[in-house]
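This report walks through some features of one protein model, from its sheet and helices to a few single residues. Please keep the sequence and the structure at hand while reading.

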Amino acid sequence: MPGNYQLSVDQLVVEAKEAESLGVAGIILFGLPESKDPEGSGAYDADGIVQRAIRAVKQEVDDLLVIADTCLCEYTSHGHCGHVVDGDVDNDATLDLLAQTAVSQARAGADVIAPSDMMDGRIEAIRIALDDSGFEKLPILSYAAKYASIFYGPFREAAESAPQFGDRRSYQMDPANQREAMREIQLDIDEGADIIMVKPAMPYLDVVFRAKQEFDLPIAAYQVSGEYSMIVAAARNGWLDLDRAMTESLTSIKRAGADLILTYFAKTMASRL
């Protein structure tokens, strides 16, 4: 993906220091383990790659918010976001693994836990596990409205997390359905979410807008890898002005109502601001 790289922990610290110096408020960490297994055990390993990364950044960078992506897909050998039984993801069996992952990330020092798996009931399971482990005040940023989108492609290639069979449409949302997003958001709020995420951002600005109107929580929007890559690719072909396209795209997300934006343009946009 243009301008983005897999980083070792020491290089991540360098990157985090640069982001902080530019005024970026926070980063979100995704992990590539040395090996994968069907249960995604690297996600909840106390010495896993994200846990080590969290500790390193928190030790070296003072004022940068560190968000931990809480999911299994980067760690499972099959590439799905949960425990698989007979070719299907077992929602309920996955909840305990996600809760273990969240607690492990919290113990490493994460400032925010961000479950992105879309399993039903995972916010409640994670909230209970965090509270029972002494992390009552640790906030949860829920990917509450995460659509089964084509725009995740570049990230899945970079993170080596594409499903090895089937797809994720059984647990991610139908792109045509807006009303379901509102129900999913309400359920996650009822279970204890502190911030709500809509993903992707630009193809779902109507969902961002409606969520901002209907719910009294901060709304985050994720400008995903495909959104970023198509803007950069068009600019490299001379079809768009990169700075103006970047600024207009991020402005549209903010205008729709997003309080937080996750974007691969973060450092570039922060330097412009």
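A helix axis here is a line fitted to C-alpha atoms over the stretch in contact, and the angle between two axes runs from 0 to 180 degrees between their N-to-C directions. The model is a predicted one.

**Two helices side by side**

Helix α7 and helix α9 (residues 242-256) pack with their axes 8 Å apart, at an angle of about 30°. Angles under 35 degrees count as roughly parallel, so α7 is roughly parallel to α9. On the α7 side, the residues that meet the partner are Leu 205, Val 208, Phe 209 and Lys 212. On the α9 side they are Ser 252, Ile 253 and Ala 256. Sorted by class, the contact has 5 nonpolar, 1 polar and 1 charged residues.

The loop between β7 (195-199) and α7 (205-214) holds Pro 200. The peptide bond that joins Lys 199 and Pro 200 is cis, with omega at about -5°.

**The sheet**

In which order do the strands of the open sheet of 4 strands stand? The order is β6-β7-β8-β9, and the pairing is parallel. Strands β6 (141-146) and β9 (260-263) are at the edges with a single partner strand each, so one side of each has no neighbour in the sheet. On average, neighbouring strands are turned by 25° against each other, direction ignored.

Strand β8 (residues 219-223) pairs with β9 in the parallel sense, over 4 bridges. Tyr 222 is opposite Leu 262 in β9.

**The nonpolar cores**

The largest nonpolar core has 64 residues. Those touching the most other members are Leu 29, Ile 54, Ile 113, Leu 130, Ala 145, Ile 185 and Val 207. Helix α3 (residues 91-108) gives the most to this core, with 8 residues. A second, separate core has 13 residues, among them Ile 28, Ile 67, Ile 195 and Tyr 222.

Ile 54 has contacts beyond its neighbours within four places in sequence: Leu 29, Val 66, Ala 68, Gln 105, Ala 108, Gly 109 and Ala 110.

Buried means under 20% relative accessible area.

| Residue | Relative accessibility |
|---|---|
| Ser 229 | 13% |
| Ile 195 | 14% |
| Ala 68 | 0% |

Ala 68 is found in strand β2 (residues 65-70). Apart from residues up to four places away in sequence, Ala 68 touches Leu 29, Ile 54, Gln 105, Ala 110, Val 112, Ile 113 and Ala 114. Ala 68 and Gly 109 are 41 residues apart along the chain, and their C-alpha atoms are separated by 9.5 Å.

Ile 195 belongs to strand β7. Not counting residues up to four places away in sequence, Ile 195 touches Ile 140, Leu 141, Ser 142, Pro 218, Ala 220 and Leu 260. From Ile 195 to Gln 223 it is 28 residues in sequence and 16 Å in space, C-alpha to C-alpha.

Which residues are in contact with Ser 229, leaving aside its neighbours within four places in sequence? They are Met 1, Pro 2 and Pro 154. Ser 229 itself lies in helix α8 (residues 225-236).

Technical notes:
Residues are numbered from 1 along each chain as its sequence is written. This is a predicted model: local features need pLDDT of at least 70, side-chain atom pairs count only at pLDDT 80 or more; totals for chains, interfaces and linings use all residues. Side-chain values use heavy atoms; hydrogens and water are left out. Two strands pair if DSSP finds at least two bridges between them. A nonpolar core is a set of buried Ala, Val, Leu, Ile, Met, Phe, Trp, Tyr and Cys residues joined through side-chain atoms within 4.5 Å. Buried means under 20% relative accessible area, exposed over 50%, partly exposed in between (1.4 Å probe, protein chains only). Contact means heavy atoms within 4.5 Å. Angles under 35 degrees count as roughly parallel, over 145 as roughly antiparallel, 65 to 115 as roughly perpendicular and the rest as oblique. Ala, Val, Leu, Ile, Met, Phe, Trp, Tyr, Cys and Pro count as nonpolar, Asp, Glu, Lys and Arg as charged, and the others, Gly among them, as polar.
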